[in-house]
Amino acid sequence: MKLVWKLLRQHISIGQFAGFTLANLVGMLIILLGLQFYQDVQSIFSSRESFMKKDYLVVSKQVNTASTLTGKSGTFSKSEINDLKLQPFAQSVGVFTPADFQVTCNMGMKELGLQFGTEMFFESVPDEYVDYASDQWTFQEGDTFIPIILPRNYLNLYNFGFAQTRGLPKISENVIGMITLDITIKGEFNTDHYKGRIVGFSNRLNTILVPEKFMVWANEKYGKGKELNPSRMILEVYNPTDDAIVKYFDENSYETEDDKLAQGKTTWFLKLMVGVVMAVGGLITGLALYILMLSIYLLVQKNTTKLENLLLIGYSPRQVAAPYQLLTLGLNLLVFILALILLTVFRGQYLAMLETLYPDLLVPGLGQTIVVGIVIFVVVTLVNLLVIRQKVATIWKRKD
Amino acid sequence: MYQTIKLDNVLPHVFEERRSQMHSDVWLQQLQFQKGQLYLVEAASGTGKSSLCSYIFGYRKDFSGTIAFDDRSINDLKVSDWVNARKSSLSILWQELRLFPELTAWENVMIKNNLTKGFQPVYQLNEWFDLLDIADKKQTVIGRMSFGQQQRVALVRSLCQPFDFLFADEPISHLDDENSRIMGEIMMSEARKQGAGVIVTSIGKHIDLPYDKVLKL
């Protein structure tokens, strides 16, 4: 085999192969870096505590003077909900279930000399729309403890508005989590007392949220038995920038918080940019593959007589193809490893920057990117091996 | 293992228009080369002597009629069959030698002997190099050797495999009588050792050997 290699390496152009290696490296690196960058930046958008994932919209009906005066209900009927579910942009629809009972809440910390009570309300959404994951977010019949999620701006309102002007102490999220709430639920026929605690805050959802299990059970126990239409829905969409959403909302006078669409747009542009970058990387990889193909064609062409003679003295096409196949395999492997090393280096640089902007950022690992890299490596190598085999086969058949 | 090579009505395409005027012991005949026999195919140049070798080695297919190894037509041979045949049943000393000019004489021999997993022991190869008077050329690149020297290297290479038939296409065209005699001896002793058939072609000058059959092409 050593002699065969000595023979077949004649006419190998270092320049061409270096060109291929470099071009393939650049292409592969762009693809992998684009993919990894997307994943890393994506983690900023889908940080753990944000209630809404990127492609969720909260839908409500517009409230205007006319509807206030006429007392027209701002709730969604069954047919309206079903119609929304049937829209092509809707992946799934969840409804906010309102409470069919009255809620009063007393809270206080005697040590701080702070105590007040208020009337309030509860709403719930199906658990799959709650991306606040916690063991406490559950309710069993017979429990006297109700977990609650509040909008974060309620706390801000208190801390920076109320407490500031009244000279009251500011309360942190951790402290508020320790406060026990005395909750009184007053139904049509009975009144019960419960303990409640705020287990989390949501940036996105403007409601006082309890587990859906509790809501279903409590509505049955305390409610008037009348079915209540929801006034808000959560819509999971495939693409928040879809024009059809805006159009549909306008036609039906629905509305949604604008920043959802804005963030969706940002994500979409990020996807678009990364997509373009990766396409360019793919193109470069494709061209690199083409360069390699051309050099191999040229090489085989120049070495045709040698290959032919090897075949005539009894070497099999496979044995004759093997040196070139091993060569390309080696080159591709080199490119793959170099691309991974460079990826780690470049990633280290931008991660350092991202971490100064988002200190508690949890970035995903390299796993998915490595898998994609392996796929590219395997595909490129397979194409190489096949072409070389094909080329040797034509020499065997003495066809050009 | 092949016992016979059969030619049945074989004619190169280029001779097709002269089909009716063909007077040949080979073309358009029923012919068998038997293992263990020694043949001389005599030909004027341009009568298709090298074509015959190319057909039998599967290098060219521009002929009509049938060539068969034992009773198997060579048209039915698969790639792996050909590889095996060229490695362990048929050996040839091509007229154009088909050596690798970039490699040395010794490397040219070893590239074949390695393929057959050292079929000839190194001392045997050394002995042949000595007998053929090219021992001092072992490390010389083929491209810098005379054609006569190259012919001798090609002979040694052709013996580095088991064979049922050995073809020598004008093996001594550039050799003096003494070297021709030595070449003939080496060739025949190895062929006898292997019990192989030998087919020598010539366009006039030929090795003086006890031929079993002489065919005019």
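Reply: Contact means heavy atoms within 4.5 Å. By that criterion C105(A) touches F116(A), G117(A), T118(A), M120(A), L181(A) and D182(A), not counting residues up to four places away in sequence. This is a predicted model, in which local features need pLDDT of at least 70 and side-chain atom pairs count only at pLDDT 80 or more, while totals for chains, interfaces and linings use all residues. Residues are numbered from 1 along each chain as its sequence is written, chains are lettered from A and ligands numbered from 1 in the order in which they are written, and side-chain values use heavy atoms, with hydrogens and water left out.

Me: Why is C105(A) called buried?

Reply: Buried means under 20% relative accessible area, exposed over 50%, and partly exposed in between (1.4 Å probe, protein chains only). C105(A) has a relative accessible area of 4% and therefore counts as buried. Its place is in strand β4 (residues 102-109) of chain A; strands (E, at least two residues) and helices (H or I, at least four) are DSSP runs, numbered from the N terminus. The C-alpha atoms of C105(A) and T184(A) are separated by 6.2 Å, although the two are 79 residues apart along the chain.

Me: Why is strand β1 of chain A said to be largely enclosed by the rest of the structure?

Reply: Six of the six residues of β1(A) (residues 56-61) are buried, so the description applies. Both faces are covered: Y56(A), V58(A) and S60(A) are buried on one side, and L57(A), V59(A) and K61(A) on the other.

Me: How do you know that β1(A) pairs with β10 and with β11 of chain A?

Reply: Two strands pair if DSSP finds at least two bridges between them. Five bridges link β1(A) to β10(A) (residues 232-237) in the antiparallel sense, with V58(A) opposite I234(A). Three bridges join β1(A) to β11(A) (residues 254-256), also antiparallel, and here V59(A) faces T256(A).

Me: What makes β2 and β11 of chain A edge strands?

Reply: The open sheet of four strands has the order β2-β10-β1-β11 (chain A), with antiparallel pairing. Each of β2(A) (90-95) and β11(A) pairs on one side only. For β2(A), the pairing is with β10(A), through five bridges.

Me: Why is α11(A) called roughly antiparallel to α12(A)?

Reply: Axes are lines fitted to C-alpha atoms, for helices over the stretch in contact, and angles run from 0 to 180 degrees between N-to-C directions. Helix α11(A) (residues 317-357) and helix α12(A) (residues 367-396) pack at an angle of about 160 degrees, with their axes 9 Å apart. Angles under 35 degrees count as roughly parallel, over 145 as roughly antiparallel, 65 to 115 as roughly perpendicular and the rest as oblique; the pair is therefore roughly antiparallel.

Me: What makes β3 and β8 of chain B a pair?

Reply: Five bridges join β3(B) (residues 38-42) to β8(B) (residues 197-202), and the two strands run parallel. In this pair V41(B) stands opposite T201(B). Both strands belong to an open sheet of five strands with the order β6-β7-β8-β3-β9 (chain B) and parallel pairing.
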